[in-house]
Amino acid sequence: DLESHLQRCQQLSVTVLTDHQDLNNTELKTILNSTAPQQYRIRAKLRTYKPQKLYQSIKLHCSKCNSLQEVPDGDDFDFILQGSGITAPNPELHNTSWYDSVMWTIQDQKQRKIAIHFVKHDEMLQQPEDTLLMIEGGTLKEVWKLTKRFKCIIPVRSTEDDLELLDLSAPFLLQGNIKYYGCKQCSTPKPIKSLSSIAAEQQPSWEPTEIAQVLGIEPLQYVFIMKFTLVDGTGALNAYLFDY
């Protein structure tokens, strides 16, 4: 698969230059029989490329453990939200010194309860475009509606003692139309009250990297990956494009 190919490429790679007129062209057969690292200039045809569809090239990469994973689709997130909505919000965790809470019941078959916690700054609510809020029990549609109005959304659920992040298969933060994910292997999620340290700053910016840091999350980065197979009649060489 693409991930194992990429890892092998990182270990055994040669540097293939497409410019540098001072270098003569080298046959692929010679490159394949050489030890890495070397620099070569090649003249070859593109035989195949993967993936065939551009959106499949986008992956999530952890710079700490170097793992790659597929970007979860909206259905996965919706399923996690539905699962977290089974547990009703804990009223004892509402309206603290650093956030105000609102709870209401959705009049559907399940009589769903939704809680939204608006993080305060200097005991005041910020303008919506500067506000971080946390939501319990919302659907994917409701979460996306909120992202259009507020700066940052963090999906959470109640425990007996504190609010906590959902499973890290879900994004730990939504900002506009971007979903931010954390590495399950490298993250050690902390209680949500850790966010109060950012709320206490003079001008909270709610930057994703800062939010990830205080919540004990190792953020995953979106990367673009493609595999090209190049041929010149003497051999075939796999080349990989990997970029943030």
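**From definition to conclusion**

Tutor: The second largest pocket is lined by 15 residues, and those nearest its centre are Gln82, Gly85, Ile86, Lys110 and Arg112. The model is predicted, so local features need pLDDT of at least 70 and side-chain atom pairs count only at pLDDT 80 or more, while totals for chains, interfaces and linings use all residues. Residues are numbered from 1 along each chain as its sequence is written, and side-chain values use heavy atoms, with hydrogens and water left out.

Student: Why is this space called a pocket, and what makes a residue part of its lining?

Tutor: On a 1 Å grid over the protein atoms alone, a cavity is a set of points where a 1.4 Å probe fits but cannot get out, whereas a pocket is an open set with protein on both sides within 12 Å along at least five of seven lines. A lining residue has an atom within 4 Å of a point. The 15 residues of this lining are therefore counted by that rule.

Student: What is the volume of the second largest pocket, and which classes of residue line it?

Tutor: The second largest pocket holds about 290 Å³ of space. Grid points are joined across faces, edges and corners, and the volume is the space filled by probe spheres set on the points. Its lining has four nonpolar, seven polar and four charged residues. Ala, Val, Leu, Ile, Met, Phe, Trp, Tyr, Cys and Pro count as nonpolar, Asp, Glu, Lys and Arg as charged, and the others, Gly among them, as polar.

Student: Arginine 112 is among the residues nearest the centre of that pocket. How do you know whether arginine 112 is buried or exposed?

Tutor: Buried means under 20% relative accessible area, exposed over 50%, and partly exposed in between (1.4 Å probe, protein chains only). Arginine 112 has a relative accessible area of 18%, so it is buried.

Student: Which side chain meets that of arginine 112, and what makes the pair a salt bridge?

Tutor: The partner is glutamate 142, at 2.9 Å from N to O. This pair links distant parts of the chain, 30 residues apart: glutamate 142 is in helix H4, and arginine 112 is in the loop between E6 and E7. A salt bridge is a side-chain nitrogen of Lys or Arg within 4 Å of a carboxyl oxygen of Asp or Glu, so the pair qualifies. Glutamate 142 is partly exposed, because its relative accessible area is 22%. Helices (H or I, at least four residues) and strands (E, at least two) are DSSP runs, numbered from the N terminus.

Student: How many salt bridges does the structure hold, and what makes another pair count as one?

Tutor: There are five salt bridges in the structure. In one of them, the side chains of glutamate 70 and lysine 59 meet at 2.7 Å, N to O. Glutamate 70 belongs to strand E5 (residues 68-70) and lysine 59 to strand E4 (residues 58-61), so the pair ties together parts that are 11 residues apart in sequence. At 53% relative accessibility, glutamate 70 counts as exposed, whereas lysine 59, at 10%, counts as buried.

Student: Which residues of helix H4 are buried, and how do you know on which side they lie?

Tutor: In helix H4 (residues 140-147), the buried residues are Leu140, Val143, Leu146 and Thr147. They cover an arc of only 125 degrees around the axis, so they are on the same side of H4. The arc is that of the directions from the helix axis to the C-beta atoms. Lys141 and Lys145, on the other side of H4, are exposed. Among the elements covering the buried residues of H4 are helix H3 (74-84) and strand E7 (113-121).

Student: Which residues of H3 are buried, and what do they pack against?

Tutor: Phe77, Ile80, Leu81 and Ser84 are buried in H3. Their arc is only 100 degrees around the axis, which puts them on the same side of H3. They pack against H4, E10, E12 and strand E13 (178-180), where contact means heavy atoms within 4.5 Å. Asp75 and Phe79 are exposed on the face of H3 turned away from its buried side.
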